[in-house]
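Please keep the sequence and the structure in view while reading.

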Amino acid sequence: VGTMPVIAEVEPNNSFETAQKIELNRTIEGVVKFEDIDYFFLELQEGQTIHAEAEGIRLTYSLNGQIFDPCVAVLDEGKFEVASSDDSSLLQQDALLAFKAPKAGTYRVMIRDSSFSGYDQAFYRLHVGTFPRPIAVIPAGQKPGELLTATLVNMTGVGGEMTTSQAQVQMPSEVVDLFPVVTKTDAGIS
């Protein structure tokens with residue numbers, strides 16, 4: 001369950017030339033089989049920033065110890081990798097990247113297993129869009145029941161630079177170990 005429309009991965013999309021067309025602010029549900037690479041293409045405007053977040057390891061379950069460790073990348077029209085993420089500090093072995101298009105054009109988002117493995121149950125949900133994706137909340141907590149004025153740290157997609165924004169977060173009335181923060185802007189919901 002998510003906040004964006006869901007589309008299914010459609011084969012053949014395992015080469016740069018056969019990439020599946022997608023629109024921004026979509027969640028793609030698919031599977032990465034052995035040595036599989038899935039490509040999706042979309043149009044971006046100059047200066048447009050997108051996020052690509054993979055749910056893979058979070059969905060993995062295998063009785064024989066197999067896992068799906070996703071790697072995500074953005075490629076330009078010349079087939080050059082212009083952004084990539086294997087692991088992320090926020091999502092551990094799930095990938096998360098921000099990319100700011102240096103010029104208008106067609107870009108491809110690629111997902112694969114980090115070791116080119118994969119199997120019939122290596123399911124993923126790949127979120128691609130302009131939605132906000134804070135990677136940290138400062139401060140990380142507040143007294144139960146209080147309203148927290150938080151600083152959200154956001155990736156910009158430009159050389160590791162970060163920006164910040166403010167959000168009001170109503171803390172739960174009872175003490176909990178983990179409390180998700182959801183952010184809504186004109187660009188979408190994190």
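This is a predicted model: local features need pLDDT of at least 70, side-chain atom pairs count only at pLDDT 80 or more; totals for chains, interfaces and linings use all residues.

## Two open sheets

Strands of a sheet pair through backbone hydrogen bonds, either parallel or antiparallel. Four bridges connect strand 7 with strand 6 (residues 70-75) in the antiparallel sense. Ala-73 has Ser-84, in strand 7, as its bridge partner.

Another open sheet is made of three strands in the order 11-12-13, and its pairing is antiparallel. Strand 11 and strand 13 (162-170) are at the edges with a single partner strand each, so one side of each has no neighbour in the sheet. From one strand to the next, the twist averages 30°. Strand 12 (residues 147-155) pairs with strand 13 over nine bridges in the antiparallel sense. Leu-152 has its bridge partner in strand 13, namely Ser-165.

## Strand 5 and its partners

Strand 5 is largely enclosed by the rest of the structure, because six of its seven residues are buried. Strand 5 and strand 8 (residues 96-100) run antiparallel and are joined by five bridges. Within this pairing, Leu-96 in strand 8 stands opposite Glu-53.

Strand 5 is also joined to strand 10 by five bridges, and these two strands run antiparallel. Here His-51 is opposite Gly-129 of strand 10.

## Salt bridges

Side chains of opposite charge can pair when their charged atoms come close. The whole structure contains eight salt bridges. In one of them, Lys-33 pairs with Asp-120, and the closest N and O atoms are 3.8 Å apart. Lys-33 belongs to the loop between strand 3 (26-31) and strand 4 (37-44), and Asp-120 to the loop between strand 9 (105-113) and strand 10, so the pair ties together parts 87 residues apart in sequence. Lys-33 is partly exposed, with a relative accessible area of 41%, whereas Asp-120 counts as exposed at 55% relative accessibility.

A salt bridge also joins Arg-125 and Glu-55, with 3.4 Å between the closest N and O atoms. This pair links distant parts of the chain, as Arg-125 lies in strand 10 and Glu-55 in strand 5, 70 residues apart. Both Arg-125 and Glu-55 are buried. In a further salt bridge, Asp-94 and Arg-58 have their closest N and O atoms 2.5 Å apart. Asp-94 is in the loop between strand 7 and strand 8, and Arg-58 is in the loop between strand 5 and strand 6, 36 residues apart. Asp-94 counts as buried at 0% relative accessibility, while Arg-58 is partly exposed at 42%. A network of salt bridges links Glu-53, Arg-58, Asp-94 and Arg-133.

## The largest pocket

The largest pocket has a volume of about 930 Å³. Its lining comprises 40 residues, and those nearest the centre are Arg-133, Phe-179, Pro-180, Val-181 and Val-182. Arg-133 also belongs to the salt-bridge network named above.

By residue type, the lining of the largest pocket divides into 24 nonpolar, eight polar and eight charged residues. Strand 5 (49-55), strand 10 (123-129) and strand 11 (134-138) each supply at least two residues of this lining. Strand 11 provides the largest share, four residues.

How values were computed: Residues are numbered from 1 along each chain as its sequence is written. Side-chain values use heavy atoms; hydrogens and water are left out. On a 1 Å grid over the protein atoms alone, a cavity is a set of points where a 1.4 Å probe fits but cannot get out, and a pocket is an open set with protein on both sides within 12 Å along at least five of seven lines; lining residues have an atom within 4 Å of a point. Grid points are joined across faces, edges and corners, and a volume is the space filled by probe spheres set on the points. Ala, Val, Leu, Ile, Met, Phe, Trp, Tyr, Cys and Pro count as nonpolar, Asp, Glu, Lys and Arg as charged, and the others, Gly among them, as polar. Two strands pair if DSSP finds at least two bridges between them. Axes are lines fitted to C-alpha atoms, for helices over the stretch in contact, and angles run from 0 to 180 degrees between N-to-C directions. Buried means under 20% relative accessible area, exposed over 50%, partly exposed in between (1.4 Å probe, protein chains only). A salt bridge is a side-chain nitrogen of Lys or Arg within 4 Å of a carboxyl oxygen of Asp or Glu.
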